[in-house]
Structures are given as C-alpha cells and as structure tokens.
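Welcome! Let us walk through this structure together, one step at a time.

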Amino acid sequence: MAAQYKTVDGAQVGVLMGSASDWETMSKCSATLKKLGIAHECNAISAHRNAERLAAYIEDAEKRGVEVFICAAGGAAHLAGVVASMTGLPVLACPMAGWSLDGLDSLLSMVQMPKGVPVATFAIGSHGAVNAALFAAAILGLSDDRVKAAWRDFRAKQSAAVQELPED
Ligand code: RP5
C-alpha cells in the first residue's frame, strides 16, 4: 500500500498538523521555513484519528533524515506529546486557536508535558507557528552553516526594519 503521507527529498523539518483545518495557521510556519531555504514536508496526520499512520511516518521521516518535528494541534492537542514519545528528535509544539477556549486549552495541553518526554511549546496561533519555524532554524543552524547564515540574515534584516518614531 502506498504511504499515506507526503514526503519531500532532503526534508530537514517535518511539519505535522492534527487536521487540514490547522493549515491556515501553519501555512505561515511553512512560508517561514521556505523563506529560510529549509526543505520541509507538511502533513495532516491526527494522533487520535491516524495513530498507525503517524507511527509509520515518524519512523520513515527519521530514516530519511528529518531532524526536527513541528506539531500543530487544537483542543486536547496531544499530537506533539505523542510524536515526542516516538522520537528523540526535537519536537516543537504549536497550539491552535479557534476553539471555545481560544487555544488556551491547546496551549496548556502542550506545555504541561510531564517530565521525561519534553516538547518545546510556542505561542497560540500564527505567532507561535512562525516562531517554531525560526526556532527550527536555530536548531538546524547548530550543524548546518547554510541555515545558520540564513537565520543570521533574517535576524539582521528584521533588526534593520524596526522603524524610528516619526518626528513631531
Ligand atoms: C485537532 O482537532 C486538530 O489539530 C484541529 O486543530 C482540531 C479540529 O480538527 P477538525 O475537526 O477541524 O478536523 O485534532
């Protein structure tokens, strides 16, 4: 049977979402990785709806050389913790908004991992989605000079773009 997920040759980051409904937010994560020239693959694989597919994907992604996973989910938001249970690679967690508690439920679910299996949790919504991509760049830059240079360039441009207040 064909694999039920998409792969990208040379992907350094695997972006996972609990649902395609998370893509509107996570497309900003993907766009940031793209801007930094980081090869990545994006898939909607739910921890509770696609448990076997998720396990197969993580095993396969590790073998193909993916180095960081970014996991987005809403509500009970257990995707990042489940992924972290399957791999020793860094797992970055993005809580999704749009729920009755505006993502606070997702944030607490992700950030309150019991000791032993850590995930790094980011802000709710698109700010966290972008920051997870930037943090992945910081991690990859430790061993990849090309990514390190792109990350430094991004930071320098961002600093230069901060505007002074207009004169009175
Ligand atoms: C979570 O449930 C997903 O990550 C998504 O944020 C939320 C809603 O999923 P759908 O019902 O829109 O598929 O698992």
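Among contacts in the protein between residues at least 6 apart in sequence, what percentage join residues at least 24 apart? In this predicted model, the figure is 68%.

The protein has six helices and five strands, and along the sequence they follow the pattern β-α-β-α-β-α-β-α-β-α-α. Its radius of gyration is 16 Å, close to the 15 Å that the globule rule gives for 168 residues, so the protein is as compact as a globular protein of that length.

Now let us look inside. Of the 168 residues, 43% are buried. In soluble globular proteins, nonpolar side chains tend to be buried together. Here the largest nonpolar core holds 27 residues, and V13, V15, M26, C29, L33, I38 and I70 touch the most other members. Elements that give two or more residues to this core include the strands β1 (13-17), β3 (68-73) and β4 (91-95), along with the helices α1 (23-35) and α6 (145-160). The top contributor is α5, with seven residues. A second, separate core has 22 residues, among them Y57, F69, A73 and A93.

Leaving aside residues up to four places away in sequence, V13 touches several others, including L33, I38, V68, I70, A136 and L140.

The protein exposes about 9400 Å², with carbon and sulfur atoms supplying 55% of it. As for charge, there are 14 positive and 17 negative side chains, and the centres of the two sets lie 4 Å apart.

Notes
Residues are numbered from 1 along each chain as its sequence is written. This is a predicted model: local features need pLDDT of at least 70, side-chain atom pairs count only at pLDDT 80 or more; totals for chains, interfaces and linings use all residues. Side-chain values use heavy atoms; hydrogens and water are left out. Helices (H or I, at least four residues) and strands (E, at least two) are DSSP runs, numbered from the N terminus. The radius of gyration is taken over C-alpha atoms; the globule rule is 2.2 Å times the number of residues to the power 0.38. Buried means under 20% relative accessible area, exposed over 50%, partly exposed in between (1.4 Å probe, protein chains only). Contact means heavy atoms within 4.5 Å. Accessible areas come from the Shrake-Rupley method with a 1.4 Å probe; for residues, only the protein chains shown count as cover. Lys and Arg count as positive and Asp and Glu as negative; His and the chain ends are not counted. The place of a charge is taken as NZ of Lys, CZ of Arg, CG of Asp or CD of Glu. A nonpolar core is a set of buried Ala, Val, Leu, Ile, Met, Phe, Trp, Tyr and Cys residues joined through side-chain atoms within 4.5 Å.
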